[in-house]
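Here's a quick briefing to read with the model open in your viewer. Have the sequence handy too, and we'll go topic by topic.

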Amino acid sequence: MWPEAAALATCGAALVVVVMFAAWIVHLRQNNAGIVDVAWSVNLAFLAILYGALASGLPERRALVALMGSIAGFRLAAHIHRRAHGKPEDGRYTTLREEWGGNIALKFLFFFLFQGALDLFLAIPFLLAAVNPAPRISPLEWAGLLMWAVAIAAETFADRALERFKANPANRGRTCREGLWKYSRHPNYFFEWLVWVAYAVFALASPWGWIALGCPALMLYFLLCVTGIPATEGQALKSRGDDYREYQRTTSAFVPWRSK
């Protein structure tokens, strides 16, 4: 198992480096680092397809790995692209430019490659499941697949509701409280995290599958403490002020729950 997994991971690392280097070149031409988010999502889809295509595990299981990873990865990449297309660089990256000072291009290259390294780590559930030699799909894997389907559907529903809200000029400066946004300030983040829980559940049926539990744990840390909620809410407070403060007071930050 481990020699095959190491060989597949090496191929995956080469693929990730190529994608991230190409994205870095595009970012230099556009002077916009936001493309790293699209490349990050696309890499996850590519890794799921790569592992599903080249591993030696059960064909049906490998097909599910490729299907789940590619649908989720390409869906997120398309959503991020639609949201950012034609707009200025995200505030997170303009802040990095200000803080980093000189050698910005080189520093962003390392940043892009670091995002690629995160892709490789987060794709561990795909890798473990793809090399799983078990001759049939287990109930645990079916449970992971069901959880994944629910999470993807809910995240898509939340994203579409927010897109429709923002598309209405009358809502400028207001906070979306429609659909799932009535019960969570970040339902998209919650269900994105649930997608990673589903991957880990799916991988738990594989040898050494417990390693995959580190992926939703890392994703939860980033969403709650680093690039997710803190950055998003900081921008929301700047642009929506008291309206967003009231939203914070009355609405769950992460887990969808009844409003106060």
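Is Phe254 buried or exposed? Phe254 has a relative accessibility of 9%, so it counts as buried. Keep in mind that this is a predicted model.

**Aromatic rings**

- The count for the structure comes to 17 aromatic pairs.
- One of them joins Trp193 and Phe254, with ring centres 6.1 Å apart and planes at 55°; that angle isn't over 60, so the pair is tilted rather than edge-to-face.
- This pair ties together distant parts of the chain: Trp193 sits in helix H8 (residues 187–203), while Phe254 is in the segment after helix H10 (229–250), 61 residues away.
- Trp196 and Tyr199 make another pair, this one edge-to-face, at 5.0 Å centre to centre with 80° between the planes.
- Both of these residues lie in helix H8, three residues apart, or about one turn of the helix.
- Trp196 and Tyr199 are both buried, too.
- Elsewhere, look for one aromatic cluster built from Tyr93, Trp100, Phe108, Phe111 and Phe112.

**Around Met219**

- Met219 belongs to helix H9 (residues 214–225).
- Its relative accessibility is 8%, under the 20% cut-off, so Met219 counts as buried.
- Who does Met219 touch, leaving out residues up to four places away in sequence? The answer is Trp40, Leu122, Trp193 and Trp196, and the last two of those turned up in the ring pairs above.
- Val197 is 22 residues from Met219 in sequence, and their C-alpha atoms are 9.4 Å apart in space.

**Salt bridges**

- Side chains of opposite charge can pair when their charged atoms come close.
- How many salt bridges does a search of the whole structure find? It finds 11.
- Glu141 and Arg61 meet in one of them, at 2.6 Å from N to O.
- That bridge links distant parts of the chain, with Glu141 in helix H7 (residues 139–167) and Arg61 in helix H3, 80 residues apart.
- Both partners are buried: Glu141 has a relative accessible area of 1%, and Arg61 has 0%.
- Glu89 and Arg97 also form a salt bridge, 2.9 Å from N to O, and Glu89 is buried with a relative accessible area of 14%.
- Arg177 pairs with Asp243, their closest N and O atoms being 3.5 Å apart.
- Here again distant parts of the chain are linked: Arg177 is in the loop between H7 and H8, and Asp243 is in helix H10, 66 residues away.
- Asp37, Asp90 and Arg92 are linked in a network of salt bridges.

**A buried arginine with no salt bridge**

- Arg62 lies in helix H3 (residues 59–84).
- Arg62 is buried but has no salt bridge.
- Setting aside neighbours within four places in sequence, Arg62 is in contact with Tyr51, Gly52, Ala53, Ala55, Ser56, Gly57 and Ala130.

**Surface patch**

- Met1, Trp2, Leu140, Leu204, Trp208, Trp210 and Leu213 make a nonpolar surface patch of about 700 Å².
- Trp2, one of its members, lies in helix H1 (residues 2–30) and is partly exposed, with a relative accessible area of 43%.

**Two asparagines with positive phi**

- Asn31 has a positive phi of about 55° although it is not a glycine.
- Asn31 is in the loop between H1 and helix H2 (35–54), and it is exposed, with a relative accessible area of 54%.
- For Asn103, phi is also positive, at about 55°, and this residue isn't a glycine either.
- Asn103 is found in the loop between helix H4 (91–100) and helix H5 (104–122); with a relative accessible area of 61%, Asn103 is exposed.

Notes: Residues numbered from 1 in each chain as written. Predicted model: local features only at pLDDT ≥ 70, side-chain atom pairs only at ≥ 80, totals over all residues. Heavy atoms only, no water. Patch = residues over 30% accessible without salt bridge, like charges linked within 9 Å, V, L, I, M, F, W, Y side chains within 5 Å. Areas by Shrake-Rupley, 256 points an atom, 1.4 Å probe, with all protein chains shown as cover. Salt bridge = Lys/Arg side-chain N within 4 Å of Asp/Glu carboxyl O. Helix = DSSP H or I, 4+ residues; strand = E, 2+ residues; numbered from the N terminus. Buried < 20%, exposed > 50% of the residue type's maximum accessible area, 1.4 Å probe, protein only. Lys, Arg positive; Asp, Glu negative; His and termini not counted. Contact = heavy atoms within 4.5 Å. Phe/Tyr/Trp six-rings, centres within 6.5 Å; stacked < 30°, edge-to-face > 60°.
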